[in-house]
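Please have the sequence and the model open while reading.

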Amino acid sequence: MSFMEYAAAPESTSILNIRPHYGLFINNEWVEGRGESFTSISPSTEAELFTVSEADGRDVDRAVTAARAAYDKVWSRMSGAERGKYLFRIARILQERAREFAVAETVDNGKPIKETRDVDVPLAAAWFFYYAGWADKLDHAGLGANPRSLGVAAQIIPWNFPLLMLAWKVAPALAAGNTVVLKPAETTPLTALMFAEVCQQAGLPAGVVNILPGKGSITGRALVEHAGVNKIAFTGSTSVGREIARSVAGSDTKLTLELGGKGANIVFDDAALDQAVEGIIQGIFFNQGHVCCAGSRLLVQENVHDEVLERLTRRLATLRLGDPLDKNTDIGAINSREQLETIHRIANTGEAEGAERWTLDCAIPDKGFWYAPTIFTNVAASNTIARDEIFGPVLSVLTFRTPAEAVTKANNSPYGLSAGIWTEKASRMLTVADQLRAGVIWANTFNKFDPASPFGGYKESGYGREGGRHGLAAYLAKGEGR
Amino acid sequence: MTFIATERANRLGLSSLDSVVAFVKALPGVDAVGLEARAANLATRSIKNSSKMAALDTIIRLIDLTTLEGADTAGKVRSLVAKAATPDASHPDTPRVAAVCVYPDMVEHAVAALGSRQGDGVTGISVASVATAFPSGRSTLDIKIADTRYAVEKGANEIDMVIDRGAALSGDWETVYSEIRAIREACDRGDGTHAHLKVILETGELATYDAIKRASWLAILAGADFIKTSTGKVQPAATLPTTVLMLEVVRDWFLLTGEKIGVKPAGGIRQSKDAIRYLVAVVETVGEDWLHPHLFRFGASSLLNDVLLQRQKMLTGHYSGPDYVTVD
Amino acid sequence: MSHMSIPKTYKLFIGGKFPRSESGRVYDVHGPKGVFLANVAQASRKDARDAVVAARSAQSGWAGATAYNRGQVLYRIAEMLDGRTEQFVAEIRSVTGASDKVARAEVHAAVDMWVWYAGWADKYAQIAGNANPVSGPFFNLSVPEPTGVVVSVASQDTAYSLIGLVSAIAPAIVTGNTVVVIANEAAPLAALSFAEVVSTSDVPGGVINILTGSAAEIMPWLASHADVNALDLAAASGLSTVEWEKAAADTLTRIVRPRAAFTSLSVDRIDALVETKTIWHTKSLA
């Protein structure tokens, strides 16, 4: 691109007003945590952004106590209509501060501003709008008359969509009448801490939302093991999900888990190939592949394999990797050094196990954590890269010959979160959709999210649904007549 | 219908009209939502300020400055030519446009007004004539051929024909192909050269992306030098998704044969920022090589003035106004 | 002339067949006054494994049957059970010493339960699924699907030897799950006779698998089995289930915890054993 150079037109960070240090947000107040403070860095520059308190067990106890008091005295007694108004306020404030949140998310997470601006932040606001309207209509949620809220919800969210995952958790919990103690991911606490300010701006009663930054092994563990918690909602790795499931065994703590995935993206030979290529890219390179429902296994019909790969690699050459604040950036930074190492470790097994590696030839910035979009062909179903979740911009390509073989291969995974189907033939699409063991099926599209649309997995991808009417069931005990 | 084979059809081993039609009918479909999402994504690219002037100048160089009105006169065509040659007299470094586009009976006036400034779009300003009972195309083939020959004889460098949309919509791709082929022959000048043929698909009437994709392939196989979206007389005219789709066809043809076909979105592109999105689509779909008057054109009338206003803003640092560019 | 009775051999029910335990083990079942009633097969972990294999191989076919067909099959179970009312009354009474009235009420309740669930087969998706009005050009539908292979424990309370079994099977299979159920250990006769009902009711082999023996012995193997999708412990009150729940957590097996009103007719019971699948498709005229 000689004269048509795209802007190094970074979104201005002047809108941001990051404090040098954040505490914990408990009972609508900022307090210092008793754990060891840690520093949040920008994954694209490795610059130190701010320090943040860590909540230890005592802080968790304090937050749960505050949430319990708010639940007992205020929130569970408030009418649904009034609760809804608070959620509407929060939604509006998120819209008003959208630009600021987008920049903050990009700086803290490393994902492109294009995505935070067009996906993360508007969807987060939409999530609050959607559930706001449910707050006074819970009798119609399909759970029987007078469904009951659960109490205090402990919520632990991942670093891949920090604000959006917060919205997925907080909005339905509050709409249903629960109060919340939320732990943002260690590497991406910023937007959750800014959300605490939103709660203050919205005049949310004290203790309804409490935010506790910290490590999973300290804050997270203390939170899920706290006896005062009625509900645990966790999004993250399958291994931690297992631990949590074990920890609630024998108790009546309600649990929803959104865990890992190894989504199959199935391309049939009659597919609209240029759109399929876009969908493959959206499926695995959106958000640097840090997506639990990523289409990380491309299953392509053998007779169009070469053509699809050729189109795909040609199209990938137009992707731009670099400064996430640049509005033209398609591929941002890997969220952390640790994750970068994980990607390297798993991807390196690809070649070792006989697959062929293709990596986008692009400049990699000197500082920060980066991984160039990578495709493995000649992948066998038994290869590590076809089985294990990489959670990075790495696509494994397998082939199939018949629709039945495609379904069998797609389902041949302990996970079952998402799948894609690309065909112009509706009857085949619907039957394949029927037979896939996955909670979200995207046909001729991929990685679409909406507050009205339930999301969640089969098998080891977790249980429970977030989004839509079904998402309310995670935060309510069934009412009469069910 | 007699099948006049083309070198291009032969290249794909398509040796009969039936096989050409079977080929285009068997093309995989297009998912509209995905295509439109891709176009929307391209539209979010923001180009460097320092590149903006080059982009604006490129747009001007790619414009087919058009007048296609019942009220067109020799005088109107003369002012169009003047504007085409000197778009902004206050800024003499402003490039000229690629072509003027007129009705067949206006070709001689355009040729006369251009004089030695006439060329092929690169060497000079090209004269493009619509033909084939433009814009509806609803006449007999004989008349369409005569219409075309007339314009070529009067000195048109380029012919912008319309396809028979009725035939396309009724599945009679044979007729669509045969007409394009016949018009392409009518473009021959007898000296081994031919007036370049732009085939207008009138995408707004074809209505579906599948039909637009088929028509694009068919036009190329029948001998089009350019595929063009619209007459400008039907809404919607050019859209970014439609243009992206046609660029994808041109790209696929290039990858198959090494031959470069042109694309001309026409109608409805009025603002510089819209035109820049088309440049982005070209660069990301087929590559920057295509930003050349022989391979990409904007069919437009009011776009030029908006580009000039933006250009003045870049040069002077303040916003300009409509009285600072000429009405025609 | 007196007729010498022929006692029934009570065997396991796996994959539509009636095998003995591969271990060769049996245990005695006694009546209320200690009177010997029968030798019943005592399932081993290998029998449990076989039952899971049978359930798995039957699952996609059962889920793929039309909902109308599943409803017909469930209703057929009700018919066959109703026709054997006297046999079940007698068996229940022989084990528990219940009055004719109480035993008969249990059989009637079991029949009614099958009729109730049979009717849900082609309606449940209509109340559990819905269209989602997403913001964009997409058709979007959420539908319930069976979670897969369900392991359930029938009530171990001898007062519920039939209804406690039916309530552990019907809500699972109505949506297309297949089930491996551990019968009431002390009162297994009704369960094993129920297997005969199943085998004559058009239920495909492997959809319902019934194991007799010790839940404490078999359940750890079933709970930790990676190919089991859900553990239905609704009727397992009184058993110590925590270790099973922990074992199930290792493969994220869905767990339905013990609940008091396990015999009530409740859609909630179906809800707990389904997955919600959401399908998106693009929409356009162009």
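- A:Val440 has C:Thr278, in strand 10 of chain C, as its bridge partner.
- Strand 19 of chain A and strand 10 (residues 274-282) of chain C run parallel and pair over four bridges; two strands pair if DSSP finds at least two bridges between them.
- Strands here are DSSP runs of E with at least two residues, helices are runs of H or I with at least four residues, and both are numbered from the N terminus.

**Basis of the values**

- This is a predicted model, in which local features need pLDDT of at least 70 and side-chain atom pairs count only at pLDDT 80 or more, while totals for chains, interfaces and linings use all residues.
- Residues are numbered from 1 along each chain as its sequence is written, chains are lettered from A and ligands numbered from 1 in the order in which they are written, and side-chain values use heavy atoms, with hydrogens and water left out.

**Interface of chain A and chain C**

- Contact (heavy atoms within 4.5 Å) links 42 residues of chain A with 39 residues of chain C.
- About 3,300 Å² is buried between chain A and chain C, 50% of it on carbon and sulfur atoms; buried area is the accessible area (1.4 Å probe) that two parts lose on being put together, summed over both.
- On the chain A side, the most area is lost to chain C by A:Arg246, A:Arg437 and A:Arg482, together 19% of what that side buries.
- Five salt bridges cross this interface of chain A and chain C, where a salt bridge is a side-chain nitrogen of Lys or Arg within 4 Å of a carboxyl oxygen of Asp or Glu.
- A:Lys478 and C:Asp271 form a salt bridge through their side chains, at 2.9 Å from N to O.
- Between chain A and chain C, 33 residue pairs are in polar contact, both residues being at pLDDT 80 or more. A polar contact is a pair of N or O atoms within 3.5 Å; within protein, one must be able to donate a hydrogen and the other to accept it, and residues adjacent in sequence count only if both atoms are side-chain atoms.
- Elements of chain A that give two or more residues to the side touching chain C include helix 8 (238-248), helix 14 (426-435) and strand 19 (440-443). Helix 8 of chain A gives the most, with five residues.

**Interface of chain B and chain A**

- The contact takes 27 residues from chain B and 26 residues from chain A.
- Chain B and chain A bury about 2,400 Å² between them, with 48% on carbon and sulfur atoms.
- B:Arg45, B:Lys48 and B:Glu288 supply 23% of the area that chain B buries against chain A, more than any other three residues.
- Four salt bridges cross the interface of chain B and chain A. In one between B:Asp252 and A:Arg311, the closest N and O atoms are 3.1 Å apart.
- Eight residue pairs are in polar contact across the interface of chain B and chain A (both at pLDDT 80 or more).

**A sheet in chain C**

- Five strands of chain C form an open sheet with parallel pairing, in the order 7-6-5-8-9.
- Strand 7 (208-211) and strand 9 (254-256) of chain C are at the edges with a single partner strand each, so one side of each has no neighbour in the sheet.
- Strand 8 (residues 230-232) and strand 9 of chain C run parallel and are joined by three bridges; C:Leu231 stands opposite C:Ile255 in strand 9.
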